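Take a first look at the chain as a whole. Then follow the text from its surface to single residues.

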Amino acid sequence: MTNINYETTPVGELPEDPQRLHERLNEIWGNPRGLKALTIVNHTTLGLRFMVTGMVFFLFGGMLAMLIRSQLALPDQDFMSPDIYNQVTTMHGTVMMFLFAIPILEGLAIYMIPKMIGARDLVCPRLTALGYWCYLFGGIILTFSLVLEMAPDSGWFMYTPLSSSEYSPGLGSDFWLLGITFVEISALSAGVELVVSILRTRTQGMALHKMPLFAWYILAMAMMIVVGFPPLILGSVLLELERAVGMPFFDVAGGGDPILWQHLFWLFGHPEVYIIFLPGAGIVSTLIPVFAGRPIVGYGWAVFAILTTGFISFGLWVHHMFTVGIPQLSLAFFSAASMMVAIPTGIQVFVWLATLWLGKPKMKLPMLWIVGFLVIFVCGGLTGVMLALVPFDWQVHDTHFVVAHMHYVLVGGMFFPLIAGLYYWLPLFSGRMPSETIGKWGFWLVFIGFNTTFLVMHWTGLLGMPRRVYTYEAGTGWEIFNLISSVGGFITSVGIAMVLLDIALHFRFGKPAKHNPWNSDSLEWANNMPPLPYNFVSLPTVDTRHPLWDSPDLPRTMMEGRHGLAIATHGRREMWGTDPITGKLREIIHLPGNSWWPLFAALALAVVCLSLLTRLYPLAGIAVVVAVIFLLRWSWENGAHPNAAPDARVEPGDPPLHSRTMDGPGLWAMAIALLANGSFFLSYLFGWFYLWTVSPEWRMPETSPLSLVGLIVAGLALTAGAGLLEKLVRGLRRQHDAGLAVGMYSISALGFVQVAITLWVLFNANLAVTETTHDAVIMVGLAYVLLHGGLGAILTLLQGLRVGYGYVGAHAPFEPVVIAQWWRYSVVTFWIIVGSLAVLPRVIGG
């Protein structure tokens, strides 16, 4: 079907039977019921599941907060023991940061992004489903530890050595490390999914500079997740290895350093503050123009501020480590960087204020929460600049002043915009309007209660009250302030209860909403209310930032099937694949349907997590094998497989299917996943060189325990395999697939040769991994290259089998290109490992 530019040419003709088209699309995209609902991969359903689950965890974390405020309301309270209090405070921070803030924002993005950019779904729907199940199971495992009174008690940041076996001998730290790593898989899955979807599935004509600002914010957030979360995953793996096996990564006596944990944690932790802030700011940038009745002022400046904020945030991690004894030059640099991040944040604030000033704002319920955000977040930003000053930070570090600042930034920067966005998009979710009366009561109770709680807490901190103390004596001068803060906390709870009551009641009693009730400008309001499972009957060409303002009739013509891809006779789930910069149409992306494999894989990974917790290592190994089998079986149904797209026919004038090209979205997904992998690898290298140069007890042997000859031979085998794969890919580009299967088997054999030789090097090194950090770090590095070499060999072996089945070849050349990326990455990281672990110590010594 020919695409129609509705701005410059007449709208296309009606399909022969629009009603039959709707029915066929529902057959293809519709969600099953009953037990099969567990197989759903539709982004609308999964986004709602993320948000509802996140809200449940929010209520759990809020209950823990009220326990904390009850304990601190009066001096000498003892209804919680010190141990239980430490568990409660640790779990409150953990739940709010890891199980509520990030997942609910990702859920909102998963729900909204395809609708905003004119797509029918996210580009890797089964990956989204896997992410949800990992999030759910990881969250349940983590929170269940509190029920067992075995929760972590070292703080939500798990500083070593407090979280090490010597000071936390129980399973509390293990629950945290394994549960959080499980949840991080979910976050990374969503991050990869959102980056690729935004870059490659925008509707035809939607160039980057025409993209909704919300999509820019989510793109920056997702890229920060991809780069920022792997350091914490590495830290969690190292600490769990130390606790479970005895590898002394953070033990000074063995050559480790507990400060390494702080570096790895805050390499994740400070970007996370902006990962939480950016989606909230995206909601603000979406709502303000709508309620001001005019386009946002300074679109380009806003995009610049988004990208600059994301970039600078990775240079601020030592902002949290000013008191650990770092050099003065480092203090000066990170202090300056901490203040510099206020510049792009200020640009965004001025863009919002200018838009309100030049427009005619309507103070509807969502705007009330936006105004609350502006007040609270600006106050939090001011105290952030104060904490960026090293002398002041030294005075208030580890006091309630920092707790107050953190809540002003995170609650002001995330929670208030989130509620504004939920009220704004509620008609899209349900087709009904929220109650202005109950909603305003909820807002004022939350606003007053929040400021009563945390504004006063600044004074408590300035008076010297440390955080994480379970009680305090009378006569300290903190009594009245703690009582006021506790009263404010309960007022906030009542306000949140009213908001949740309003949202629950509106689904039954809310006034029916008219189409596009807020007169919005973006494509999500071209959908049904509630949305169709496939979002849009036909996909339009968009060459404006405000499609619904510039073409108010667009929702009707899209629903009538007058635009692109208004066809369902092929039986595929289809949407456009477009150029990442210009939005020019490139291919038709066909998506996989509902599947049990994501759930099965997540269940196997949950068994791995529980087995490691209970030290049942043989069962953990079996579960790992089962999880890999499930994931490989999942990957088998791809490309030209009969369950994917055996029929490559398209309509005259339409582009080819992505699986019949050399540049489909899977290539981009692999690239973004390898970017996360590279962040993990660079964090590992950082740890190696940090310990080598800083740790006071670091011991490097006079001669390297690694066989350099063996590693070189292994590396040559790996490099030869990658080179042969590149040759096969070049042949596929010329439509030549002679000898493809044999070539794949040969490459796989070279991969297994590299694994075998590397294993020989490892076994002959006689590493004392429980005695010296040096040997433990080498062990992790060799395990890393073994994993990548082995997985590359297996994936290439499967490619050979797929060639035999007719799923891969000149007619479907896509998959070898993706595998080639993995081999390139494996070759580069292998030689870097050889140079860092085996060559460099020989050259410069210990």
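Predicted model: local features only at pLDDT ≥ 70, side-chain atom pairs only at ≥ 80, totals over all residues.

Residues are numbered from 1 along each chain as its sequence is written, and side-chain values use heavy atoms, with hydrogens and water left out.

Now the overall form. Along its principal axes, the C-alpha trace spans about 80 × 75 × 50 Å. The radius of gyration, taken over C-alpha atoms, is 27 Å. That agrees with a compact globule of 846 residues, which would have a value near 28 Å. The globule rule is 2.2 Å times the number of residues to the power 0.38.

The secondary structure comprises 24 helices and four strands. These are DSSP runs, numbered from the N terminus: helices are H or I with at least four residues, strands are E with at least two. Of the contacts with a separation of 6 or more, 82% join residues 24 or more positions apart. Contact means heavy atoms within 4.5 Å. Buried residues make up 62% of the chain. Buried means under 20% relative accessible area, exposed over 50%, and partly exposed in between (1.4 Å probe, protein chains only).

Trp-369 lies in helix α11, residues 365-388. Its relative accessible area is 0%, so Trp-369 is buried. Which residues does Trp-369 touch, not counting those up to four places away in sequence? Among them are Phe-415, Phe-416, Tyr-423, Phe-443 and Val-499. The C-alpha atom of Trp-369 is 9.8 Å from that of Gly-412, 43 residues apart along the chain.

Thr-345 sits in helix α10, residues 342-358. Thr-345 counts as buried because its relative accessibility is 12%. Beyond its neighbours within four places in sequence, Thr-345 is in contact with Phe-277, Thr-309 and Phe-377.

Last, the cysteines. How many disulfides does a search of the whole structure find? It finds zero, a disulfide being a pair of cysteine sulfur atoms within 2.5 Å. For Cys-124, the nearest cysteine sulfur is that of Cys-134, 15 Å away. For Cys-609, the nearest is also that of Cys-134, at 10 Å. Cys-609 counts as buried, at 6% relative accessibility.
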